Amino acid sequence: MNLKQGTGLAVGGLATVLLTGCGGRPEPVMRPMNILYIMTDDHTSQMMSCYDRRYASTPNLDRIVAEGVRFTNSYVANSLSGPSRACMLTGKHSHKNGFYDNTTCVFDGSQQTFPKLLQAAGYETAVVGKWHLESLPTGFDHWEVVPGQGDYYNPLFITQAGDTLRNEGYITNLITDKSLHWLKEERDPSKPFCLLVHHKAQHRNWMADTCNLALYEDRTFELPETFFDAYEGRPAAAAQEMSIASDHDMDPVYDLKMLRNDKPGRLKAPYEHLLSRMNPDQRTAWDRFYEPLIEEFYRTNPQGRARAEWKYNRYMRDYLKTLKSLDDNVGRLLDYLDESGLAETTLVVYTSDQGFYMGEHGWFDKRFMYEESYRTPLVMRLPGGARGDIDQMVQNIDYAPTFLELAGVAIPEDIQGVSLLPLLRGEEPADWRRSLYYHFYEYPAEHMVKRHYGVSTDRWKLIHFYNDINHWELYDLQADPHELHNLYSDPAFAAPQREMLEELVRLQRQYDDTLGLRMNDL
Ligand code: SGN
Ligand code: CA
């Protein structure tokens, strides 16, 4: 850990705020910290310049780190949107909060969540943007959410009054406009607030705002070294359907916008539907930008490696253009905190619902417990708190207890995560956890990533794929950071294999994952 203790306000559940007393003299008053939680969708740390300088420039996201902390070992418990959101709200693994996958589950909104507990403790709570839990939000004084995945252009929003209304504009701007409006005009300023800003960006199919379409066209990106992974010794990795090179998995029309009436496309109709949402000005700007690219694509008709490279480059560019809006809009929120003085009493959190593949192993999408999608970016800025890197292993079930402790609320015993507040204060707890548990359930489903669970430490990772397969994998993350060499059953690694199996069972018992325990003995 490389931390500098902050010099500002006291932290420990309460912030010291200097308010002017009767005699005009400043008097210290204890006020609970506000919480601004910004969560994006499918934004991965490879595409965030404070984590990785190869591709993206994200000056506003980097601002949070410059005045706060960067978690270098931040992970999710189940790498998929709805499940991640449920883990975050409850502080519990999927088998305890009941939301296992995006396709069959409805979030039980009557259960305990951190916004409800904050509300009971006198906070005003709000959520704006992507919700994706099928039932409507509970535990919020104010909410306005998009149905399902939401649309990039002129999206629908469900209001608290029960209306579903079309809003003119680009979704990342609209979510920020609504969040700022609540902060400035609607909330009760006598109460501390907890605002969750949940963006749709960077979700598929990466449709940028028209003003950013021209960006990044002069950049060419080299394929990642694992792009042509042959998945030797990894049958579940071989069976997925999230390959950039495959036109079945990454559709040139839907994903890369190469729509032409006389050309086929598996996802042509859904893409035409997305275009039909645009107003005439948006559509004109869109077509003006994409038409020459479409012409050239069908004229040159790249094949084989050239086609894969072309697809990868279009994917990277579209992702980066979409990211520009996200970074700009995070900047708008940070500016408002600065201008209003709220920055001094507000914890700022930026994270994503999971990581994402940017061509590693040849993939887009997520789901696997392999590093790129198991990790998620996590940066925080706590006034008076620590600065620098926090290297301890943390997971999205830790956010709920962190916010509760910050608010001075007792953490219920059934919460499975651990408060990150000691780390945010710059402490080095001697007994911090050394391993994390993961369980992914959505199969059979889109992208065909098989069910699996596993345990990871700073050095080793053990994964068990089950259901229509019974396959174990063991990786030495130090020697093999790209997870290409499955060491399971290799006698040379019998000792770490045994230790990781023991650790797996220990965590399954601790978290009471009875399904996982049963599947160990397949
Ligand atoms: C959609 C996407 C998938 C994506 C899932 C889950 N397909 O179904 O590519 O994996 O969402 O993503 S799309 O054709 O609708 O774009 S999640 O982040 O919401 O879990
Ligand atoms: Ca997601």
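Me: How far is an oxygen atom of ligand 1 from an N or O atom in the side chain of His-447?
Reply: This is a predicted model, in which local features need pLDDT of at least 70 and side-chain atom pairs count only at pLDDT 80 or more, while totals for chains, interfaces and linings use all residues; side-chain values use heavy atoms, with hydrogens and water left out. Residues are numbered from 1 along each chain as its sequence is written, chains are lettered from A and ligands numbered from 1 in the order in which they are written. Between the side chain of His-447 and ligand 1, the N or O atom and the oxygen atom are separated by 2.7 Å.

Me: How much of ligand 1 does the protein bury?
Reply: Areas here come from the Shrake-Rupley method with a 1.4 Å probe, and for residues only the protein chains shown count as cover. Taken alone, ligand 1 exposes 460 Å². Of that area, the protein buries 85%.

Me: Which residue has a backbone N or O atom 2.8 Å from an oxygen atom of ligand 1?
Reply: The side chain of Gln-149 also has an N or O atom 2.8 Å from a ligand 1 oxygen, but that is a side-chain atom. The backbone atom at 2.8 Å belongs to Ser-81.

Me: How many charged residues are in the shell around ligand 1?
Reply: The shell holds 18 residues, each with a heavy atom within 4 Å of the ligand. Ala, Val, Leu, Ile, Met, Phe, Trp, Tyr, Cys and Pro count as nonpolar, Asp, Glu, Lys and Arg as charged, and the others, Gly among them, as polar. Two of the shell residues are nonpolar and seven polar. The charged residues number nine.

Me: Is Gly-82 buried or exposed?
Reply: Gly-82 lies in helix H2, residues 81–90; helices (H or I, at least four residues) and strands (E, at least two) are DSSP runs numbered from the N terminus. Buried means under 20% relative accessible area, exposed over 50%, partly exposed in between, with a 1.4 Å probe and protein chains only. Because its relative accessibility is 0%, Gly-82 is buried.

Me: How many of the eight residues of helix H11 are buried?
Reply: Helix H11 covers residues 399–406 and is largely enclosed by the rest of the structure. Its buried residues are Tyr-399, Ala-400, Pro-401, Thr-402, Phe-403, Leu-404 and Leu-406.

Me: Which residue's side chain is joined to that of Asn-34 by a polar contact of 3.3 Å?
Reply: A polar contact is a pair of N or O atoms within 3.5 Å; within protein, one must be able to donate a hydrogen and the other to accept it, and residues adjacent in sequence count only if both atoms are side-chain atoms. Asn-34 lies in strand S4, residues 34–40, and a polar atom of its side chain is 2.9 Å from the backbone nitrogen of Phe-193. The side-chain partner at 3.3 Å is Thr-346.

Me: What is omega for the peptide bond from Arg-204 to Asn-205?
Reply: Most peptide bonds are trans. The bond from Arg-204 to Asn-205 is cis, and Asn-205 is in the loop between strand S11 (193–198) and helix H6 (235–239). Its omega is near 10°.

Me: What is the relative accessible area of Tyr-231?
Reply: Tyr-231 is in the loop between S11 and H6. Its phi is positive, about 60°, although it is not a glycine. Tyr-231 counts as buried because its relative accessible area is 15%.
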